[in-house]
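Let's work through a few exercises on charged pairs and domain contacts. Keep the viewer open and try each task before reading its solution.

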Amino acid sequence: MSPTARPATEWLADAVLYQIYPQSFADSDGDGIGDFAGIESRLDHLAWLGVNTVWLNPCFASPFRDAGYDVSDYFSVAPRYGTDADLVRLVEAARSRGIRVLLDLVAGHTSDEHPWFTASAADPADQRYIWADPRDPATLPAGFVASPGPRPGFYLPNFFASQPALNFGYARPDPAEPWRLPVDAEGPLANRQALREVMDHWLSIGLSGFRVDMAASLVKDDPGQQETVKLWRELRGWLDARHPQAALLSEWGDPATSVPAGFHGDFFLQFGPVRDGIALRSLWNNFEGTVNEQWQPLSPYFGAEGLGSPQTFLDIWRSVTDTIGDTGYACLPTANHDFSRLACGPRTAEQLPAAFAFHLTWPTVPAIYYGDEIGMRYVPGLPDHEGSRLGPRYNRAGSRTPMQWDDTANAGFSTAPAEGLYLPLDPDPARPNVAAQRADDGSLLHLVRRLIELRTSRPELGSRAATEVLHDGYPLVYVRGGNHLVVVNPRRAAAELDAPVDHAAPVLARGVEVGDGRIRADGLGYGIFEI
Ligand code: GLC
(Lines give C-alpha, C1' and ligand atoms only; values in the text may rest on other atoms or scores of the structure.)
Protein backbone atom coordinates (compact mmCIF):
# COMPACT_ATOMS: atom_id res chain seq x y z
CA MET A 1 0.00 0.00 0.00
CA SER A 2 1.42 3.42 -0.85
CA PRO A 3 1.69 5.77 2.13
CA THR A 4 -1.12 7.95 0.86
CA ALA A 5 -3.56 5.17 -0.04
CA ARG A 6 -6.48 4.86 2.31
CA PRO A 7 -7.22 1.34 3.54
CA ALA A 8 -10.42 -0.08 2.11
CA THR A 9 -11.89 -0.27 5.60
CA GLU A 10 -11.65 3.49 6.02
CA TRP A 11 -15.47 3.47 6.17
CA LEU A 12 -15.13 2.43 9.79
CA ALA A 13 -13.88 5.91 10.65
CA ASP A 14 -17.37 7.21 9.92
CA ALA A 15 -19.26 4.21 11.23
CA VAL A 16 -22.13 4.63 13.63
CA LEU A 17 -22.82 1.07 14.71
CA TYR A 18 -26.24 -0.19 15.65
CA GLN A 19 -26.45 -3.58 17.36
CA ILE A 20 -29.56 -5.61 16.64
CA TYR A 21 -30.46 -8.60 18.76
CA PRO A 22 -32.34 -10.38 15.99
CA GLN A 23 -34.70 -12.30 18.29
CA SER A 24 -36.11 -9.07 19.67
CA PHE A 25 -36.13 -6.42 16.97
CA ALA A 26 -39.09 -7.01 14.66
CA ASP A 27 -41.17 -10.13 14.03
CA SER A 28 -42.63 -10.28 10.51
CA ASP A 29 -44.35 -13.68 10.65
CA GLY A 30 -46.08 -13.60 14.02
CA ASP A 31 -44.16 -16.44 15.67
CA GLY A 32 -43.04 -14.18 18.52
CA ILE A 33 -39.37 -14.12 17.46
CA GLY A 34 -37.78 -11.37 15.42
CA ASP A 35 -36.52 -12.20 11.94
CA PHE A 36 -34.67 -10.89 8.88
CA ALA A 37 -37.80 -9.69 7.11
CA GLY A 38 -38.76 -7.79 10.26
CA ILE A 39 -35.40 -6.05 10.32
CA GLU A 40 -35.73 -5.29 6.61
CA SER A 41 -39.11 -3.65 7.22
CA ARG A 42 -37.45 -1.29 9.70
CA LEU A 43 -34.49 -0.27 7.56
CA ASP A 44 -36.11 2.99 6.52
CA HIS A 45 -36.33 3.89 10.17
CA LEU A 46 -32.66 3.05 10.72
CA ALA A 47 -31.72 5.12 7.69
CA TRP A 48 -33.77 8.00 9.10
CA LEU A 49 -31.92 7.62 12.40
CA GLY A 50 -28.66 7.82 10.48
CA VAL A 51 -26.84 4.69 11.61
CA ASN A 52 -24.73 3.21 8.83
CA THR A 53 -23.51 -0.14 10.15
CA VAL A 54 -25.67 -2.81 11.70
CA TRP A 55 -24.23 -5.67 13.75
CA LEU A 56 -26.46 -8.71 14.17
CA ASN A 57 -25.94 -11.14 17.03
CA PRO A 58 -25.42 -14.73 15.78
CA CYS A 59 -28.18 -15.85 13.49
CA PHE A 60 -26.78 -19.24 12.50
CA ALA A 61 -28.35 -22.65 13.03
CA SER A 62 -28.27 -23.38 16.75
CA PRO A 63 -30.02 -25.25 19.56
CA PHE A 64 -30.05 -21.87 21.36
CA ARG A 65 -28.65 -22.93 24.71
CA ASP A 66 -26.78 -19.61 24.66
CA ALA A 67 -29.11 -17.59 22.46
CA GLY A 68 -27.25 -18.55 19.28
CA TYR A 69 -23.68 -18.32 20.59
CA ASP A 70 -23.82 -22.11 20.31
CA VAL A 71 -23.60 -22.62 16.57
CA SER A 72 -24.49 -25.97 15.04
CA ASP A 73 -23.90 -24.93 11.41
CA TYR A 74 -21.91 -21.83 10.42
CA PHE A 75 -23.06 -21.98 6.83
CA SER A 76 -26.80 -21.69 7.27
CA VAL A 77 -29.05 -19.35 9.20
CA ALA A 78 -31.44 -20.44 11.93
CA PRO A 79 -34.91 -21.01 10.44
CA ARG A 80 -36.44 -18.79 13.14
CA TYR A 81 -34.92 -15.80 11.31
CA GLY A 82 -35.88 -16.84 7.78
CA THR A 83 -33.79 -18.30 5.01
CA ASP A 84 -30.30 -17.58 3.72
CA ALA A 85 -32.03 -15.81 0.81
CA ASP A 86 -33.89 -13.58 3.31
CA LEU A 87 -30.56 -12.59 4.84
CA VAL A 88 -29.14 -11.78 1.41
CA ARG A 89 -32.23 -9.67 0.69
CA LEU A 90 -31.82 -7.85 3.98
CA VAL A 91 -28.16 -7.14 3.25
CA GLU A 92 -28.98 -5.79 -0.20
CA ALA A 93 -31.87 -3.69 1.09
CA ALA A 94 -29.55 -2.29 3.74
CA ARG A 95 -26.82 -1.55 1.22
CA SER A 96 -29.25 0.37 -0.96
CA ARG A 97 -29.81 2.65 2.06
CA GLY A 98 -26.09 3.05 2.77
CA ILE A 99 -26.10 0.59 5.67
CA ARG A 100 -23.53 -2.19 6.03
CA VAL A 101 -24.33 -5.41 7.86
CA LEU A 102 -21.92 -7.31 10.08
CA LEU A 103 -22.52 -10.81 11.42
CA ASP A 104 -21.26 -12.29 14.66
CA LEU A 105 -18.52 -14.88 14.25
CA VAL A 106 -18.38 -17.32 17.14
CA ALA A 107 -14.79 -18.33 16.50
CA GLY A 108 -13.77 -20.15 19.66
CA HIS A 109 -16.47 -22.75 20.21
CA THR A 110 -19.43 -24.51 18.66
CA SER A 111 -22.58 -26.07 19.99
CA ASP A 112 -22.23 -29.60 21.33
CA GLU A 113 -24.74 -30.43 18.58
CA HIS A 114 -22.41 -29.30 15.80
CA PRO A 115 -21.50 -32.28 13.60
CA TRP A 116 -17.81 -31.46 14.11
CA PHE A 117 -18.32 -32.09 17.80
CA THR A 118 -20.49 -35.18 17.54
CA ALA A 119 -17.90 -36.66 15.18
CA SER A 120 -15.13 -35.69 17.57
CA ALA A 121 -16.98 -37.27 20.49
CA ALA A 122 -17.06 -40.52 18.53
CA ASP A 123 -13.48 -40.62 17.26
CA PRO A 124 -10.57 -40.70 19.73
CA ALA A 125 -8.21 -39.52 16.98
CA ASP A 126 -10.12 -36.32 16.17
CA GLN A 127 -8.37 -33.11 17.25
CA ARG A 128 -10.94 -30.42 16.41
CA TYR A 129 -11.79 -30.03 20.11
CA ILE A 130 -9.73 -30.29 23.29
CA TRP A 131 -9.99 -33.77 24.74
CA ALA A 132 -8.28 -35.11 27.83
CA ASP A 133 -8.34 -38.70 29.01
CA PRO A 134 -6.11 -38.92 32.07
CA ARG A 135 -5.71 -42.13 34.00
CA ASP A 136 -6.97 -40.33 37.08
CA PRO A 137 -9.75 -37.82 36.27
CA ALA A 138 -9.16 -36.14 39.63
CA THR A 139 -5.96 -34.67 38.13
CA LEU A 140 -7.87 -32.79 35.42
CA PRO A 141 -7.79 -29.00 35.61
CA ALA A 142 -11.14 -27.39 36.40
CA GLY A 143 -13.69 -27.00 33.65
CA PHE A 144 -13.42 -30.25 31.69
CA VAL A 145 -16.72 -32.04 31.02
CA ALA A 146 -17.33 -35.78 30.56
CA SER A 147 -17.61 -36.96 26.97
CA PRO A 148 -21.20 -37.32 25.79
CA GLY A 149 -20.19 -39.81 23.07
CA PRO A 150 -18.43 -43.12 22.68
CA ARG A 151 -15.05 -41.39 22.92
CA PRO A 152 -13.68 -41.80 26.43
CA GLY A 153 -12.48 -38.84 28.46
CA PHE A 154 -13.41 -35.21 28.84
CA TYR A 155 -13.68 -32.11 26.64
CA LEU A 156 -12.98 -28.49 27.47
CA PRO A 157 -15.89 -26.05 27.03
CA ASN A 158 -15.38 -22.33 26.41
CA PHE A 159 -18.41 -20.93 28.19
CA PHE A 160 -21.39 -23.16 29.01
CA ALA A 161 -20.83 -26.93 28.97
CA SER A 162 -22.85 -27.01 25.73
CA GLN A 163 -20.16 -24.86 24.04
CA PRO A 164 -17.08 -27.07 23.49
CA ALA A 165 -13.95 -25.06 22.73
CA LEU A 166 -12.58 -25.50 19.25
CA ASN A 167 -8.98 -26.61 19.46
CA PHE A 168 -6.58 -23.88 18.35
CA GLY A 169 -3.81 -25.47 20.37
CA TYR A 170 -1.93 -24.45 23.49
CA ALA A 171 0.83 -21.86 23.59
CA ARG A 172 2.85 -23.96 26.04
CA PRO A 173 3.32 -27.71 26.20
CA ASP A 174 3.12 -29.46 29.56
CA PRO A 175 4.20 -33.08 29.86
CA ALA A 176 1.66 -33.53 32.66
CA GLU A 177 -1.12 -32.52 30.24
CA PRO A 178 -0.48 -34.49 27.07
CA TRP A 179 -3.67 -33.20 25.42
CA ARG A 180 -2.05 -29.79 24.92
CA LEU A 181 -1.43 -29.79 21.18
CA PRO A 182 0.76 -27.17 19.53
CA VAL A 183 -0.95 -24.46 17.50
CA ASP A 184 0.19 -26.06 14.26
CA ALA A 185 -1.12 -29.55 14.98
CA GLU A 186 -3.56 -30.99 12.49
CA GLY A 187 -6.77 -30.21 14.44
CA PRO A 188 -5.84 -26.60 15.23
CA LEU A 189 -4.85 -26.01 11.59
CA ALA A 190 -8.15 -27.48 10.39
CA ASN A 191 -9.98 -25.05 12.68
CA ARG A 192 -8.01 -22.09 11.34
CA GLN A 193 -8.90 -23.13 7.84
CA ALA A 194 -12.56 -23.46 8.85
CA LEU A 195 -12.58 -19.86 10.11
CA ARG A 196 -11.47 -18.71 6.66
CA GLU A 197 -14.16 -20.76 4.98
CA VAL A 198 -16.89 -19.39 7.23
CA MET A 199 -15.77 -15.80 6.72
CA ASP A 200 -15.33 -16.28 3.00
CA HIS A 201 -18.83 -17.69 2.66
CA TRP A 202 -20.64 -14.75 4.26
CA LEU A 203 -18.37 -12.01 2.92
CA SER A 204 -18.82 -13.37 -0.58
CA ILE A 205 -22.57 -12.91 -0.39
CA GLY A 206 -22.38 -9.28 0.68
CA LEU A 207 -21.78 -9.09 4.41
CA SER A 208 -19.31 -6.36 5.43
CA GLY A 209 -17.49 -8.09 8.24
CA PHE A 210 -17.88 -9.63 11.66
CA ARG A 211 -17.96 -8.90 15.30
CA VAL A 212 -15.86 -11.76 16.65
CA ASP A 213 -17.10 -13.40 19.81
CA MET A 214 -14.57 -14.09 22.61
CA ALA A 215 -11.76 -13.33 20.18
CA ALA A 216 -9.08 -13.53 22.86
CA SER A 217 -10.03 -17.07 23.84
CA LEU A 218 -8.65 -19.11 20.96
CA VAL A 219 -5.22 -20.43 21.92
CA LYS A 220 -5.20 -21.82 25.44
CA ASP A 221 -2.67 -21.05 28.19
CA ASP A 222 -1.37 -18.21 26.08
CA PRO A 223 0.52 -15.68 28.20
CA GLY A 224 0.02 -12.18 26.80
CA GLN A 225 -2.16 -13.82 24.13
CA GLN A 226 0.90 -14.02 21.91
CA GLU A 227 -0.19 -17.09 19.94
CA THR A 228 -3.78 -15.87 19.67
CA VAL A 229 -2.41 -12.59 18.32
CA LYS A 230 -0.35 -14.45 15.70
CA LEU A 231 -3.40 -16.44 14.67
CA TRP A 232 -5.50 -13.32 14.09
CA ARG A 233 -2.65 -11.54 12.29
CA GLU A 234 -2.45 -14.41 9.88
CA LEU A 235 -6.20 -14.30 9.31
CA ARG A 236 -6.08 -10.55 8.81
CA GLY A 237 -3.40 -11.01 6.15
CA TRP A 238 -5.70 -13.42 4.35
CA LEU A 239 -8.66 -11.08 4.75
CA ASP A 240 -6.78 -8.08 3.39
CA ALA A 241 -5.90 -10.02 0.28
CA ARG A 242 -9.27 -11.62 -0.28
CA HIS A 243 -11.85 -9.21 1.21
CA PRO A 244 -10.07 -5.89 1.69
CA GLN A 245 -13.30 -4.00 2.41
CA ALA A 246 -14.32 -6.28 5.25
CA ALA A 247 -13.91 -5.31 8.90
CA LEU A 248 -13.30 -7.43 11.96
CA LEU A 249 -14.36 -6.03 15.32
CA SER A 250 -13.39 -8.05 18.33
CA GLU A 251 -15.04 -8.85 21.57
CA TRP A 252 -11.73 -8.59 23.40
CA GLY A 253 -12.02 -5.52 25.61
CA ASP A 254 -8.43 -4.47 24.98
CA PRO A 255 -7.92 -2.51 21.75
CA ALA A 256 -4.23 -2.01 22.58
CA THR A 257 -3.74 -5.75 22.07
CA SER A 258 -6.48 -6.67 19.60
CA VAL A 259 -5.84 -3.93 17.03
CA PRO A 260 -2.14 -4.79 16.70
CA ALA A 261 -3.41 -8.41 16.46
CA GLY A 262 -5.21 -7.51 13.25
CA PHE A 263 -8.66 -6.39 14.32
CA HIS A 264 -9.91 -3.20 12.74
CA GLY A 265 -11.62 -2.31 15.97
CA ASP A 266 -12.41 -3.59 19.42
CA PHE A 267 -15.07 -2.79 21.99
CA PHE A 268 -14.62 -1.41 25.44
CA LEU A 269 -16.53 -3.99 27.47
CA GLN A 270 -17.83 -4.54 30.97
CA PHE A 271 -15.07 -7.15 31.40
CA GLY A 272 -11.70 -7.73 29.85
CA PRO A 273 -8.03 -7.75 30.52
CA VAL A 274 -7.71 -4.01 31.15
CA ARG A 275 -8.53 -3.66 34.82
CA ASP A 276 -11.48 -5.99 34.46
CA GLY A 277 -13.53 -3.84 32.12
CA ILE A 278 -13.36 -0.78 34.28
CA ALA A 279 -13.19 1.67 31.34
CA LEU A 280 -16.77 0.98 30.29
CA ARG A 281 -18.17 0.49 33.77
CA SER A 282 -16.57 3.71 35.00
CA LEU A 283 -18.83 5.50 32.52
CA TRP A 284 -22.12 3.63 32.88
CA ASN A 285 -21.96 1.01 35.53
CA ASN A 286 -25.53 0.36 36.68
CA PHE A 287 -25.39 -1.55 39.97
CA GLU A 288 -28.27 -3.68 38.69
CA GLY A 289 -29.20 -6.11 36.01
CA THR A 290 -25.92 -7.65 34.92
CA VAL A 291 -23.81 -7.54 38.04
CA ASN A 292 -20.81 -9.81 38.34
CA GLU A 293 -20.33 -10.51 42.04
CA GLN A 294 -16.55 -10.21 41.59
CA TRP A 295 -16.72 -6.57 40.45
CA GLN A 296 -15.77 -3.91 42.96
CA PRO A 297 -18.59 -1.41 43.51
CA LEU A 298 -17.95 1.54 41.23
CA SER A 299 -19.82 4.84 40.89
CA PRO A 300 -20.23 5.63 37.21
CA TYR A 301 -19.38 9.05 35.83
CA PHE A 302 -22.86 9.11 34.24
CA GLY A 303 -24.62 9.02 37.60
CA ALA A 304 -26.83 11.86 38.81
CA GLU A 305 -25.25 11.90 42.27
CA GLY A 306 -22.01 13.02 40.70
CA LEU A 307 -19.90 10.46 42.58
CA GLY A 308 -17.94 9.21 39.59
CA SER A 309 -15.10 10.56 37.53
CA PRO A 310 -14.29 10.46 33.81
CA GLN A 311 -10.59 10.06 34.59
CA THR A 312 -10.53 6.27 34.63
CA PHE A 313 -12.04 6.11 31.17
CA LEU A 314 -9.87 8.94 29.87
CA ASP A 315 -6.65 7.35 31.14
CA ILE A 316 -7.42 4.01 29.51
CA TRP A 317 -8.68 5.62 26.31
CA ARG A 318 -5.51 7.75 26.08
CA SER A 319 -3.21 4.80 26.52
CA VAL A 320 -5.19 2.83 23.91
CA THR A 321 -5.01 5.74 21.49
CA ASP A 322 -1.28 6.16 22.07
CA THR A 323 -0.78 2.50 21.22
CA ILE A 324 -3.02 2.07 18.20
CA GLY A 325 -2.82 5.55 16.66
CA ASP A 326 -4.85 5.46 13.48
CA THR A 327 -4.26 1.77 12.76
CA GLY A 328 -7.68 0.85 14.19
CA TYR A 329 -10.53 1.91 16.39
CA ALA A 330 -11.81 1.58 19.90
CA CYS A 331 -15.59 1.16 19.90
CA LEU A 332 -17.77 2.40 22.72
CA PRO A 333 -21.14 0.66 23.19
CA THR A 334 -24.09 2.19 25.01
CA ALA A 335 -24.82 -1.34 26.21
CA ASN A 336 -25.00 -4.77 24.63
CA HIS A 337 -26.80 -8.09 24.92
CA ASP A 338 -24.59 -9.06 27.88
CA PHE A 339 -24.63 -5.78 29.80
CA SER A 340 -27.48 -3.75 31.24
CA ARG A 341 -28.84 -0.83 29.26
CA LEU A 342 -28.14 2.83 29.90
CA ALA A 343 -31.62 3.12 31.42
CA CYS A 344 -31.16 0.80 34.36
CA GLY A 345 -31.13 0.96 38.11
CA PRO A 346 -30.84 4.52 39.35
CA ARG A 347 -30.25 5.99 35.86
CA THR A 348 -33.51 7.51 34.61
CA ALA A 349 -34.63 8.87 31.22
CA GLU A 350 -33.69 12.47 32.04
CA GLN A 351 -30.04 11.39 32.36
CA LEU A 352 -29.78 9.87 28.92
CA PRO A 353 -29.36 12.99 26.74
CA ALA A 354 -26.02 13.92 28.34
CA ALA A 355 -24.83 10.32 27.96
CA PHE A 356 -25.61 10.34 24.23
CA ALA A 357 -24.10 13.81 23.78
CA PHE A 358 -20.83 12.35 25.07
CA HIS A 359 -21.15 9.01 23.28
CA LEU A 360 -21.71 10.57 19.86
CA THR A 361 -19.12 13.37 20.10
CA TRP A 362 -16.30 11.26 21.49
CA PRO A 363 -13.72 9.88 19.00
CA THR A 364 -14.42 6.24 19.85
CA VAL A 365 -16.60 4.53 17.22
CA PRO A 366 -20.08 4.64 18.75
CA ALA A 367 -22.22 1.51 18.99
CA ILE A 368 -25.86 2.00 19.89
CA TYR A 369 -27.59 -1.03 21.34
CA TYR A 370 -31.09 -1.33 19.82
CA GLY A 371 -33.67 0.54 21.88
CA ASP A 372 -31.18 2.63 23.84
CA GLU A 373 -31.92 5.47 21.42
CA ILE A 374 -35.45 5.68 22.83
CA GLY A 375 -34.37 4.99 26.40
CA MET A 376 -35.66 1.42 26.64
CA ARG A 377 -34.87 0.22 30.10
CA TYR A 378 -33.28 -2.93 31.43
CA VAL A 379 -36.28 -5.01 32.54
CA PRO A 380 -35.58 -6.60 35.93
CA GLY A 381 -36.99 -9.85 37.26
CA LEU A 382 -37.21 -11.93 34.07
CA PRO A 383 -36.69 -15.69 34.15
CA ASP A 384 -33.63 -17.30 32.63
CA HIS A 385 -34.11 -17.61 28.89
CA GLU A 386 -31.77 -19.34 26.44
CA GLY A 387 -28.88 -19.12 28.88
CA SER A 388 -29.39 -15.48 29.79
CA ARG A 389 -28.69 -15.93 33.51
CA LEU A 390 -25.03 -15.94 34.49
CA GLY A 391 -25.30 -15.33 38.23
CA PRO A 392 -27.64 -14.42 41.06
CA ARG A 393 -27.69 -10.76 40.00
CA TYR A 394 -26.61 -11.27 36.39
CA ASN A 395 -29.52 -11.88 34.02
CA ARG A 396 -28.94 -10.73 30.46
CA ALA A 397 -32.62 -11.23 29.54
CA GLY A 398 -33.47 -7.75 30.85
CA SER A 399 -31.36 -6.24 28.06
CA ARG A 400 -32.90 -8.45 25.38
CA THR A 401 -36.61 -7.60 25.53
CA PRO A 402 -38.64 -6.79 22.39
CA MET A 403 -38.08 -3.49 20.66
CA GLN A 404 -40.83 -1.00 21.45
CA TRP A 405 -42.10 0.38 18.16
CA ASP A 406 -45.49 1.89 18.98
CA ASP A 407 -48.43 1.68 21.37
CA THR A 408 -50.29 -1.13 19.58
CA ALA A 409 -50.38 -4.73 20.84
CA ASN A 410 -46.92 -6.05 21.81
CA ALA A 411 -45.58 -2.54 21.18
CA GLY A 412 -45.69 -3.31 17.46
CA PHE A 413 -42.98 -5.95 17.80
CA SER A 414 -45.10 -8.99 16.89
CA THR A 415 -48.65 -10.14 16.25
CA ALA A 416 -48.12 -13.28 18.36
CA PRO A 417 -50.02 -13.67 21.64
CA ALA A 418 -48.17 -11.77 24.37
CA GLU A 419 -47.26 -15.01 26.16
CA GLY A 420 -45.67 -16.31 22.96
CA LEU A 421 -43.04 -13.59 22.62
CA TYR A 422 -39.33 -14.46 22.77
CA LEU A 423 -39.16 -12.45 25.97
CA PRO A 424 -41.91 -10.40 27.60
CA LEU A 425 -42.16 -6.71 26.85
CA ASP A 426 -41.29 -4.14 29.42
CA PRO A 427 -44.55 -4.09 31.44
CA ASP A 428 -44.13 -0.41 32.40
CA PRO A 429 -47.22 1.44 31.08
CA ALA A 430 -44.98 4.45 30.43
CA ARG A 431 -42.47 2.46 28.37
CA PRO A 432 -41.05 4.60 25.55
CA ASN A 433 -41.71 3.75 21.91
CA VAL A 434 -40.39 4.78 18.51
CA ALA A 435 -43.65 6.13 17.07
CA ALA A 436 -44.30 8.50 19.98
CA GLN A 437 -40.70 9.72 19.96
CA ARG A 438 -40.64 10.25 16.22
CA ALA A 439 -43.70 12.46 16.64
CA ASP A 440 -42.01 14.47 19.38
CA ASP A 441 -39.24 16.75 18.23
CA GLY A 442 -37.95 17.04 21.80
CA SER A 443 -37.55 13.28 22.30
CA LEU A 444 -34.38 11.33 22.99
CA LEU A 445 -34.76 9.68 19.59
CA HIS A 446 -34.66 13.06 17.81
CA LEU A 447 -31.67 14.09 19.89
CA VAL A 448 -29.80 10.91 18.99
CA ARG A 449 -30.65 11.48 15.34
CA ARG A 450 -29.35 15.07 15.47
CA LEU A 451 -26.18 13.97 17.21
CA ILE A 452 -25.57 11.29 14.57
CA GLU A 453 -26.24 13.82 11.86
CA LEU A 454 -23.71 16.21 13.41
CA ARG A 455 -21.13 13.48 13.81
CA THR A 456 -21.44 12.25 10.26
CA SER A 457 -21.57 15.72 8.69
CA ARG A 458 -18.77 17.35 10.72
CA PRO A 459 -15.47 15.48 10.64
CA GLU A 460 -14.41 17.54 13.68
CA LEU A 461 -16.82 15.46 15.77
CA GLY A 462 -15.81 12.14 14.26
CA SER A 463 -13.34 9.45 15.18
CA ARG A 464 -10.29 10.94 13.43
CA ALA A 465 -10.28 14.53 14.69
CA ALA A 466 -8.20 15.72 17.63
CA THR A 467 -9.61 15.71 21.14
CA GLU A 468 -8.40 18.06 23.86
CA VAL A 469 -9.84 17.60 27.33
CA LEU A 470 -10.13 20.90 29.20
CA HIS A 471 -11.89 19.70 32.35
CA ASP A 472 -12.24 16.12 33.53
CA GLY A 473 -14.71 16.39 36.38
CA TYR A 474 -18.30 17.64 36.42
CA PRO A 475 -18.78 18.88 33.76
CA LEU A 476 -16.56 17.12 31.23
CA VAL A 477 -15.33 19.74 28.80
CA TYR A 478 -13.44 18.99 25.60
CA VAL A 479 -12.61 20.49 22.25
CA ARG A 480 -13.01 18.39 19.11
CA GLY A 481 -11.17 19.16 15.91
CA GLY A 482 -9.93 22.47 17.31
CA ASN A 483 -13.24 24.22 16.78
CA HIS A 484 -16.05 22.38 18.57
CA LEU A 485 -16.44 22.75 22.31
CA VAL A 486 -18.41 19.99 24.04
CA VAL A 487 -19.73 20.21 27.58
CA VAL A 488 -21.56 17.36 29.37
CA ASN A 489 -22.72 17.51 32.94
CA PRO A 490 -24.15 14.11 33.88
CA ARG A 491 -24.79 14.96 37.54
CA ARG A 492 -27.89 16.64 38.92
CA ALA A 493 -26.00 19.56 40.43
CA ALA A 494 -25.15 22.56 38.27
CA ALA A 495 -21.56 23.58 37.62
CA GLU A 496 -19.73 26.71 36.49
CA LEU A 497 -16.16 27.18 35.33
CA ASP A 498 -13.94 29.27 33.10
CA ALA A 499 -14.42 28.84 29.36
CA PRO A 500 -11.50 28.73 26.91
CA VAL A 501 -13.24 31.46 24.88
CA ASP A 502 -15.42 34.45 25.75
CA HIS A 503 -18.36 33.36 23.67
CA ALA A 504 -19.30 30.26 21.73
CA ALA A 505 -22.13 29.63 19.29
CA PRO A 506 -24.36 26.74 20.32
CA VAL A 507 -24.81 24.04 17.69
CA LEU A 508 -26.91 21.78 19.89
CA ALA A 509 -27.30 22.53 23.59
CA ARG A 510 -29.65 22.11 26.46
CA GLY A 511 -28.89 23.57 29.84
CA VAL A 512 -25.39 24.75 28.98
CA GLU A 513 -24.32 28.30 28.11
CA VAL A 514 -20.97 29.77 27.22
CA GLY A 515 -20.67 33.55 27.69
CA ASP A 516 -18.49 36.19 29.30
CA GLY A 517 -15.67 33.69 29.49
CA ARG A 518 -17.66 31.26 31.63
CA ILE A 519 -19.34 27.90 31.07
CA ARG A 520 -22.59 27.51 33.00
CA ALA A 521 -23.98 23.99 33.00
CA ASP A 522 -27.30 22.99 34.54
CA GLY A 523 -27.60 19.58 36.08
CA LEU A 524 -27.88 16.89 33.35
CA GLY A 525 -27.12 19.53 30.69
CA TYR A 526 -25.08 19.14 27.53
CA GLY A 527 -23.92 21.40 24.76
CA ILE A 528 -21.94 21.40 21.53
CA PHE A 529 -20.60 24.79 20.47
CA GLU A 530 -18.60 26.23 17.62
CA ILE A 531 -15.60 28.18 18.82
C1 GLC B 1 -19.75 -13.56 24.30
C2 GLC B 1 -21.16 -13.19 23.94
C3 GLC B 1 -22.09 -13.78 24.96
C4 GLC B 1 -21.93 -15.29 24.92
C5 GLC B 1 -20.49 -15.69 25.14
C6 GLC B 1 -20.23 -17.13 24.79
O7 GLC B 1 -19.36 -12.99 25.51
O8 GLC B 1 -21.29 -11.80 23.85
O9 GLC B 1 -23.42 -13.42 24.73
O10 GLC B 1 -22.72 -15.86 25.92
O11 GLC B 1 -19.60 -14.95 24.33
O12 GLC B 1 -20.30 -17.31 23.41
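**Exercise 1. Is aspartate 426 buried or exposed, and which side chain does it meet in a salt bridge?**

Solution. Start with accessibility: aspartate 426 has a relative accessible area of 1%, and the cut-off for buried is under 20%, so aspartate 426 is buried. Please keep in mind that this is a predicted model. Next, look for the partner: the side chain of aspartate 426 meets that of arginine 377 in a salt bridge, at 2.7 Å from N to O. Now place both ends: aspartate 426 sits in the loop between β15 and α11 (434–438), and arginine 377 in the loop between β13 (365–369) and β14, so the two are 49 residues apart and the pair links distant parts of the chain.

**Exercise 2. Which parts of the chain are tied together by the salt bridge of arginine 242 with aspartate 200?**

Solution. First, confirm the pair: the closest N and O atoms of arginine 242 and aspartate 200 are 2.6 Å apart. Then assign the elements: arginine 242 lies in helix α6 (residues 226–242) and aspartate 200 in helix α5 (residues 186–204), so the bridge ties together parts that are 42 residues apart in sequence. Arginine 242 itself is partly exposed, with a relative accessible area of 47%.

**Exercise 3. Where do arginine 393 and glutamate 293 lie?**

Solution. Begin with the distance: these two form a salt bridge whose closest N and O atoms are 3.6 Å apart. Arginine 393 is in the loop between β14 (389–391) and β15 (394–395), while glutamate 293 is in the loop between α8 (278–284) and α9 (311–324), so the pair ties together parts 100 residues apart in sequence. Both ends are partly exposed: arginine 393 at 44% and glutamate 293 at 41%.

**Exercise 4. How many salt bridges are there between domain 1 and domain 2?**

Solution. Take the bounds first: the assignment gives domain 1 as 3–108 + 186–459, domain 2 as 115–155 and domain 3 as 466–530. The count between domain 1 and domain 2 is 0 salt bridges. Polar contacts do occur there, in 3 residue pairs. On the side of domain 1 that touches domain 2, the largest share, 6 residues, comes from α5. That side divides into 4 nonpolar, 3 polar and 2 charged residues. Together the two domains bury about 560 Å², with 60% of it on carbon and sulfur atoms.

How values were computed: Residues numbered from 1 in each chain as written. Predicted model: local features only at pLDDT ≥ 70, side-chain atom pairs only at ≥ 80, totals over all residues. Heavy atoms only, no water. Salt bridge = Lys/Arg side-chain N within 4 Å of Asp/Glu carboxyl O. Helix = DSSP H or I, 4+ residues; strand = E, 2+ residues; numbered from the N terminus. Buried < 20%, exposed > 50% of the residue type's maximum accessible area, 1.4 Å probe, protein only. Domains from an automatic or database assignment. Buried area = accessible area lost by both parts, 1.4 Å probe. Polar contact = N/O pair within 3.5 Å; in protein donor to acceptor, adjacent residues only side chain to side chain. Nonpolar A, V, L, I, M, F, W, Y, C, P; charged D, E, K, R; others polar.
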